[in-house]
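This report goes through selected features of one protein structure. Please look at the sequence and the model before reading on.

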Amino acid sequence: MTSRPRLSAQRKVAAGLLAGMVVLAPAALVSPAVAATTPAESPAGTTLKLALTGDIDSLNPFKAILASSTSILALQYQNLVAYGAENNEEVPGMAESWTTSDDGTVWTFHLPADREWSDGEPITANDAEWTFQAIQNNDELKQANGALLTSVEKVEATDDETLVMTLAEPQAPNPGTQLPIMPEHVWSQVDDPATFANDADTVGSGPFTVATYDKTAGVTMKANPNFWQGEAKIATITFAPYKNSDAAVQALKTGELDVVNGLTPAQFQALENEPGITTNAGTGRRYQAIAINPGTETADGTALGDGNPALQDVDLRRAIAMAIDSATLLEKVMQGLGEEATGEVPAAYPVYQMSGTDLSLAYDPDAANALLDNAGYPMGTDGVRVDKNGTPLELRLMGRNTDPIHQQMADYVKPWLKVIGIEVSTVMKASAQVNDDSVLGNYDLYFTGWGMGPDPDFQLSMNQCSSRPNADGTGATSENNYCSAEFDALFLEQHAELDQDKRSALVNDAQQMIYDSAVNKVLYYANALEAYRSDRFEPFATQPAEGGVITGQNGPWGYYSATPVGLASTGSETDAGVNPLAVGVPIALAVIIGAGAILFIRRRRATADERA
């Protein structure tokens with residue numbers, strides 16, 4: 001295969017929100033590791049074998065929400081603008097450069113003429129125009145990413161290499177990072193893009209594409225020979241279904257698998273000294289939480305689900321939050337492998353992490369009991385309180401039967417809530433059932449978690465009233481079934497704020513509002529615990545490069561960097577001075593920014609590890 005042409009030193013990589021702001025990526029500062037491999041360097045038939053322990057809700061990128069699905073799709077489709085492996089910095093994706101107008105409302109993305117889809121068809125600006133317009137014009141395609149386009153007024157391909165995006169108002173997130181681009185020549189020909197399975201012989205722009213999918217056999221992906229940064233050093237990736245993480249760990253030990261993620265602390269520690277296996281505890285970009293049903297409603301305000309109506313009282317929800325000891329869960333369940341949470345944005349993104357100066361709902365069972373006494377929930381002689389209608393306070397706590405952490409946490413939470421007079425029954429369900437029940441509001445409490453990219457815009461957007469679902473669960477995606485006109489206004493304010501310090505303060509306020517509403521008790525930010533067969537593969541690229549993760553990245557770099565042991569030493573892939581963890585990944589960009597310009601860290605859409 002012929003190497004794909006590199007970007008020249010003169011090409012612009014990015015432009016900021018202010019006129020005249022330009023970010024350059026000189027060719028000398030792009031890692032030689034991104035060079036395309038030749039057929040001689042790519043061992044035929046080499047497969048990276050991964051475990052699939054979660055559900056795949058869909059491989060249709062317009063519908064996929066679960067992390068199991070979106071992590072696969074992230075290998076297949078590129079956004080206009082990507083996040084690099086070095087430090088989640090903005091780097092070229094489908095576009096090689098971008099600029100903005102003086103007022104920040106017109107973004108122009110420039111696509112190179114020599115890029116191709118995996119089937120050899122040219123990648124053009126028309127593909128991006130079709131993708132954006134498909135979502136704007138079809139409500140059935142809004143489920144995964146519709147909330148990202150609220151500011152987008154018009155998208156037009158002025159020629160094959162130029163996409164012009166007009167916004168209703170300036171916005172802080174780079175709109176090029178917000179949406180994976182689909183091949184128009186494929187998707188425009190299907191009868192209904194909303195029901196298109198997209199699960200066999202697919203076409204993509206990323207380093208791998210889905211070849212086959214079967215619920216029993218799993219997913220097989222093949223290397224894309226036309227990926228613009230070079231063909232991967234492995235031929236295929238397989239995601240094989242396993243009943244649970246215990247089974248996946250055993251398969252890793254026997255060599256049936258090459259990489260396993262989502263390990264429990266006990267599994268992680270047991271693998272640390274296992275021959276031929278290397279463990280990695282990366283800084284997580286996810287939060288773990290307990291969602292508290294505030295009274296689920298549809299998009300038009302109709303009651304939905306069977307949540308206990310007593311939970312519509314914010315005082316009751318706050319008392320529940322105060323009765324849960326996050327520090328103990330982190331220490332006992334996670335063995336301290338993480339960080340106690342403040343708000344929803346994890347510690348991996350400190351510029352937006354909630355300050356923690358007003359944690360009024362921290363663990364305090366005495367205060368929780370006093371709050372319930374004053375709010376009109378008297379304690380019965382049996383130690384169970386009654387609600388304002390005289391009904392005993394009995395709640396259901398739902399978790400996933402595929403995640404042992406959920407049952408472990410439930411064993412702590414149940415007696416903690418009994419201390420404040422609330423009887424709790426726990427039920428662990430199949431992942432698919434948890435997904436359905438949480439969307440439709442059929443829960444009182446449930447274990448949840450989300451992963452997010454460097455910008456919190458999408459995560460916050462899912463708390464708008466407009467993100468509530470339709471009666472059948474279709475439509476937009478809501479994080480917590482939360483609706484507040486005050487929050488909606490605050491969301492729009494942070495979305496449009498271009499000053500970084502001011503925006504960080506607004507994001508802090510938005511997280512504080514969710515915190516105070518007690519619809520989502522965020523517990524901790526767990527480290528991402530993962531392990532791989534180091535007797536088969538060289539060290540993988542992590543994101544960020546320092547203390548980062550291999551799996552669950554904001555991009556394809558971890559799997560794209562997969563290098564069979566011995567291959568790196570046979571060619572020029574390990575030139576002197578190149579970090580071996582950066583194989584196949586662009587290193588940090590040199591930036592040249594006009595005086596007074598502001599550089600923002602922007603976002604990739606969040607993904608749910610448990611629906612919401």
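Cys465 and Cys483 form a disulfide, with 1.9 Å between their sulfur atoms; the term is used here for a pair of cysteine sulfur atoms within 2.5 Å. A disulfide is a covalent bond between the sulfur atoms of two cysteines. A search of the whole structure finds 1 disulfide. The torsion about the S-S bond of Cys465 and Cys483 is about 95°, so this disulfide is right-handed. Both Cys465 and Cys483 are in the loop between α11 (457-461) and α12 (485-496), 18 residues apart. Helices (H or I, at least four residues) and strands (E, at least two) are DSSP runs, numbered from the N terminus.

The model is predicted: local features need pLDDT of at least 70, side-chain atom pairs count only at pLDDT 80 or more, and totals for chains, interfaces and linings use all residues. Residues are numbered from 1 along each chain as its sequence is written, and side-chain values use heavy atoms, with hydrogens and water left out.

**Helix pairs**

The table lists two packed helix pairs. Axes are lines fitted to C-alpha atoms, for helices over the stretch in contact, and angles run from 0 to 180 degrees between N-to-C directions.

| Helices | Angle | Axes apart |
|---|---|---|
| α6 (314-322) and α8 (365-375) | about 165° | 8 Å |
| α7 (326-333) and α9 (404-419) | roughly 140° | within 11 Å |

Angles under 35 degrees count as roughly parallel, over 145 as roughly antiparallel, 65 to 115 as roughly perpendicular and the rest as oblique. Helices α6 and α8 are therefore roughly antiparallel, and α7 and α9 are therefore oblique. The crossing of α6 and α8 is left-handed, while that of α7 and α9 is right-handed. A crossing is left-handed if the near helix is turned anticlockwise from the far one by less than a right angle, and right-handed if clockwise.

Which residues of α6 meet α8? They are Asp315, Leu316, Arg318, Ala319 and Met322, and in α8 they meet Pro365, Ala367, Ala368, Leu371, Leu372 and Ala375. Contact means heavy atoms within 4.5 Å. The residues of this contact of α6 with α8 divide into 9 nonpolar, no polar and 2 charged. Here Ala, Val, Leu, Ile, Met, Phe, Trp, Tyr, Cys and Pro count as nonpolar, Asp, Glu, Lys and Arg as charged, and the others, Gly among them, as polar.

In the other pair, Thr328, Leu329, Lys332 and Val333 of α7 meet Ile405, Gln408, Met409, Tyr412 and Trp416 of α9. The residues of the contact of α7 with α9 comprise 6 nonpolar, 2 polar and 1 charged.

**A sheet and a helix on it**

Four strands make an open sheet in the order β6-β7-β9-β8, with antiparallel pairing; two strands pair if DSSP finds at least two bridges between them. The edge strands, each pairing on one side only, are β6 (97-100) and β8 (152-159). Direction ignored, neighbouring strands of this sheet are turned by 15° against each other on average. Strand β8 runs antiparallel to β9 (residues 162-167), and 6 bridges join them. Asp159 has Thr162 in β9 as its bridge partner. Helix α2 (residues 125-137) packs on the sheet and touches β8 and β9; the direction of α2 makes about 155° with that of β8.

**Backbone details**

Most residues other than glycine have a negative phi, and most peptide bonds are trans. Gln543 and Pro544 are joined by a cis peptide bond, with omega about -5°. Pro544 lies in the loop between β21 (528-533) and α14 (557-560). Asn88, a residue other than glycine, has a positive phi near 60°. The loop between β4 (81-83) and β5 (90-92) holds Asn88.
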